[in-house]
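Trainee: I would like to learn how to read a model like this one, step by step. Could you take me through its features, giving the general idea before each case?

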Amino acid sequence: MSTASTTSAPAACWACGAAPTTSALLCPDCGKVQPASAADYFQVFGLERRLNLDTSALEREFHRLSRRLHPDRFARASAGEQQWSLANTALLNDAYRALRDTLQRTEYLLRLEGLKIGEEHAGKGKSADRQPPADLLEEVFELNMQLEEMRMNQKMGEDDPGLQSDLTAARARFESLLTAVDNDLAARGSEWDNGDPAARERAAASMAALLDRRRYLRNLVRDVNEVLSTAAA
Amino acid sequence: MLEEQAPEKPVQERIVGIDLGTTNSLVAYMEGSQPVVIPGVDGSNLVPSIVALDVVDPNDETPSRATVTVGNSARRALIENPERAIYSVKRLMGRGMEDIEEELKLFPFRLADDIEPGEVLRIRLGDKTFTPSEISAYILRQLKRNAERYFGAPVTKAVITVPAYFNDAQRQATRDAGRMAGLDVLRLVNEPTAAALAYGLDRAKEGGGKGETVAVYDLGGGTFDISILKLNDGIFEVIATNGDTHLGGDDIDNLLLAVALDEIRNEHGVDLRPHADAIQALRKAVIEAKITLSSEPVAKLDIELPDGDRYQREIPREVYEQLIRPVLERTAGPCKQALADAGIRPDQIEELVLVGGSTRIPAVRTLVDQIFELSNRGKQPHTELNPDEVVALGAAVQASILAGSSTATEELLLLDVTPLSLGIEALGGVVAKIIQRNSTIPASANEHFTTGVDGQTNVAIHVLQGERELAADCRSLARFDLKGIPPMPAGLPRIEVKFLIDANGILQVTAREQRSGLEANIEVKPTYGLTDEQVETMILDSFDHAETDFEARQLIEARIEADTILSAVEKAPASPAWQLLDEDEKARIKAARVHLAAIKSGHDMQAIRAATTALDQTTRNFAEKMMEAAVSGAMRGKTMQTASEELGPASNANEISAPHPFARAEFD
């Protein structure tokens with residue numbers, strides 16, 4: 001069952017009736033600010049839903065739209081226009097923040113397409129990523145033991161250079177696993193961009209799993225860094 | 001034949017830029033394509049952020065019609081009547097009892113006895129209490145008047161700067177102060193961003209300022225900010241910001257003060273701590289020493305103690321630097337964090353701007369050089385713009401952007417960020433972050449809530465700012481009570497809450513129950529702040545006194561101007577040029593002087609002004625002669641000369657522009 005959010009195609013310009021070929025927030029013809037919309041982030045920038053993106057073009061467009069929409073440009077305008085400007089600029093900023101980062105963009109797009117992605121942020125704990133990736137169970141178990149031991153040592157004020165170099169090596173290993181995940185994600189991303197609906201479904205499912213794996217690995221590397229930097233201090 | 005009245009041309013009201021600083025405040029505006037600071041009545045660009053409660057006339061029958069004085073004139077009160085004066089009030093804005101324990105140990109703040117946790121602070125001056133916003137409002141009002149005097153027209157709109165690291169409560173307190181002072185605050189601008197604006201405008205004129213990564217290191221009297229920006233074709237985009245709102249030149253002063261007090265106790269057996277006036281005098285001396293040490297290798301303290309003894313001490317720069325090192329090193333952490341958040345290395349910073357009086361300290365420059373690897377790369381920090389004024393100048397540029405009044409600023413745009421993550425308290429006292437720190441503002445987040453009990457019509461949300469996991473470790477921003485939810489079974493209502501941080505960095509919240517479509521009624525209980533109703537009453541209060549305040553102020557200003565010219569004239573006979581005058585002229589001058597001296601302590605403001613003008617006119621010839629005699633001690637005479645040129649013909653006699661002696665408050 002698809003729960004993809006079909007954000008309604010943004011309406012025509014209220015002033016001149018032109019279609020929103022570029023941003024949903026500004027009319028491309030008459031330049032009037034459009035009312036605060038339910039546009040999705042891609043529509044904000046007038047982009048197709050694609051995972052590959054030209055980030056410098058995105059930045060240029062962000063600056064261009066900021067100049068036109070920002071509340072500073074509406075300091076002498078009516079209260080209504082000021083509200084639109086505020087809401088639209090918030091949306092523009094949120095959209096830019098999400099789209100310019102590869103991971104956030106991927107998560108956003110997948111969510112838009114109806115997949116359940118991302119950490120629960122109700123503070124209940126990071127649920128999906130508590131599960132170590134199946135192929136790494138042993139390595140992860142070993143690493144966690146080493147981390148515990150290191151933490152104990154630090155509490156006791158003891159030093160164990162052998163353990164430290166083991167952990168450093170482990171970190172390098174997991175970082176390279178992370179790079180592999182990123183490469184995989186990029187490849188799946190292209191498949192999604194260029195594929196038919198069936199290919200897209202496969203790619204999307206694969207990316208969702210990759211994102212979970214990535215989050216788990218990222219947390220692990222962070223834990224190792226914490227322990228190692230305490231040692232270095 | 002009737003003449004047609006020409007239609008009134010609408011006057012373009014000027015928007016000013018205000019730097020409301022811990023130690024000094026300034027007001028500036030855009031003159032053509034150049035931002036310019038507006039001086040006060042004494043000719044000084046800086047208004048010390050000192051407020052004192054005066055009693056205008058001790059002989060007055062009407063009970064304590066107190067007036068408030070601000071700036072240099074309040075400075076005297078710090079030493080003579082410390083319980084009626086306050087400085088560095090910015091340290092108290094948006095804060096509560098729990099936060100300021102440290103400040104209370106080091107600053108002579110006197111608080112009301114009955115302040116509850118979470119309540120706004122109330123400060124005692126004499127027998128009255130004021131919130132920090134009200135005190136700041138008096139400073140803002142002084143700046144507003146300086147601007148109005150300068151333009152000869154009302155000023156009601158302003159841009160006010162705040163430290164980038166100020167949280168929501170501190171920003172609200174600043175905006176409240178503006179409102180109380182009768183100013184429509186169009187925008188709060190972060191201080192380092194304002195400095196970058198002033199600097200960027202300056203550079204654009206020389207053809208520079210394109211596509212650069214800039215860091216602004218702002219160490220003022222009470223706050224420290226570090227901001228990293230990308231300047232690109234007129235867009236000033238903040239990438240990351242960090243800082244410490246409890247760190248500045250005041251901490252250096254307090255350190256030196258503590259050391260001096262201990263030495264005095266050990267060597268002279270006198271504990272000055274109970275003597276508020278002696279402490280202020282020592283503080284003043286210590287500040288002078290600090291300033292001296294920025295350019296001299298040694299400074300001297302020489303104080304008379306209450307028992308007649310003298311405390312004398314030399315402070316070599318090395319000793320001073322050793323002493324203050326821990327204070328300066330506290331700036332390193334925020335710098336590193338900002339770089340990390342921006343995802344850049346120190347050597348990727350192309351330009352560094354120094355802001356704030358404390359950056360004049362050589363040890364600060366050395367530290368900055370180390371952190372950002374400047375001289376290694378053949379770079380110098382930028383100090384071309386006066387570090388005391390650059391923030392106000394930047395605020396004026398932003399005011400001009402908002403007004404759309406200058407072609408020089410038409411294409412400029414500030415994209416700033418929120419310095420602290422915004423979160424909601426969830427079950428178990430944990431914080432769920434909904435907007436990350438360093439998000440470009442305006443920024444928003446939507447969250448959904450529901451009810452836990454059948455028929456529940458209210459939902460309470462606790463919003464916080466900070467980076468920690470537990471609510472107890474973050475700053476409480478406010479509690480929002482969503483009311484008017486239609487009664488339904490538990491878990492059924494779907495309440496969508498929109499959090500919006502606006503361009504000022506201040507939070508707005510709206511809520512709607514989606515099934516019924518009803519807008520929820522939101523009651524805001526700000527932490528450490530005032531409700532809108534409370535702010536309203538504070539404005540009205542000052543309106544009630546506006547009339548009497550206005551007259552009292554006019555009187556005080558007339559007396560200041562009279563004093564200025566009297567002291568100049570009293571010194572006149574010492575000048576050789578005095579001998580060049582004939583007896584008639586000397587007699588006229590003497591008569592005018594005696595008349596003004598007599599009338600000055602009266603209440604007739606017009607008469608005082610008239611007498612001041614009269615004295616000024618009798619001395620014009622003398623002033624010219626002094627110039628010709630080229631006597632260096634005639635500094636004041638020179639300004640009288642300049643003033644008399646500016647005064648123009650006698651028909652302008654009603655308008656006094658007082659002679660402008662040197663800006664800095666005399667410490668003699």
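Trainee: How many contacts beyond four places in sequence does the model have for residues 646-668 of chain B, where pLDDT stays under 50?

Mentor: Where pLDDT is low, the predicted coordinates should not be read in detail. pLDDT is the predictor's confidence in each residue, on a scale from 0 to 100, and two residues are in contact if their C-beta atoms, placed from the backbone, lie within 7 Å. For residues 646-668 of chain B, with pLDDT under 50 throughout, the model has 31 contacts beyond four places in sequence. This is a predicted model, in which local features need pLDDT of at least 70 and side-chain atom pairs count only at pLDDT 80 or more, while totals for chains, interfaces and linings use all residues. Residues are numbered from 1 along each chain as its sequence is written, and chains are lettered from A and ligands numbered from 1 in the order in which they are written.

Trainee: What is the average pLDDT of chain B, and what is the mean for chain A?

Mentor: Chain B averages 84, with 87% of its residues scoring at least 70. Chain A has a mean of 83, and 87% of its residues reach 70 or more. In chain A, residues 120-126 stay under 50, and the model has 10 contacts beyond four places in sequence for them. For the complex, the predictor gives an ipTM of 0.81 and a pTM of 0.79.

Trainee: How should I read two packed helices, such as α8 and α10 of chain B?

Mentor: Two packed helices are described by the angle between their axes and the distance between the axes. Axes are lines fitted to C-alpha atoms, for helices over the stretch in contact, and angles run from 0 to 180 degrees between N-to-C directions. Helices (H or I, at least four residues) and strands (E, at least two) are DSSP runs, numbered from the N terminus. Here, the axes of α8 (residues 317-329) and α10 (residues 362-372) of chain B come within 10 Å and cross at roughly 50°. That makes α8(B) oblique to α10(B), given that angles under 35 degrees count as roughly parallel, over 145 as roughly antiparallel, 65 to 115 as roughly perpendicular and the rest as oblique. Glu321(B), Ile324(B) and Leu328(B) of α8(B) meet Ala363(B), Val364(B) and Leu367(B) of α10(B). By class, the residues of this contact of α8(B) with α10(B) are 5 nonpolar, no polar and 1 charged; Ala, Val, Leu, Ile, Met, Phe, Trp, Tyr, Cys and Pro count as nonpolar, Asp, Glu, Lys and Arg as charged, and the others, Gly among them, as polar.

Trainee: At what angle do α6(B) and α8(B) pack?

Mentor: Helix α6 (residues 249-268) of chain B packs with α8(B) at an angle of about 145°, their axes being 10 Å apart. On the α6(B) side the contact is made by Asp251(B), Ile252(B), Leu255(B) and Val259(B), and on the α8(B) side by Leu323(B), Ile324(B) and Val327(B). The residues of this contact of α6(B) with α8(B) divide into 6 nonpolar, no polar and 1 charged.
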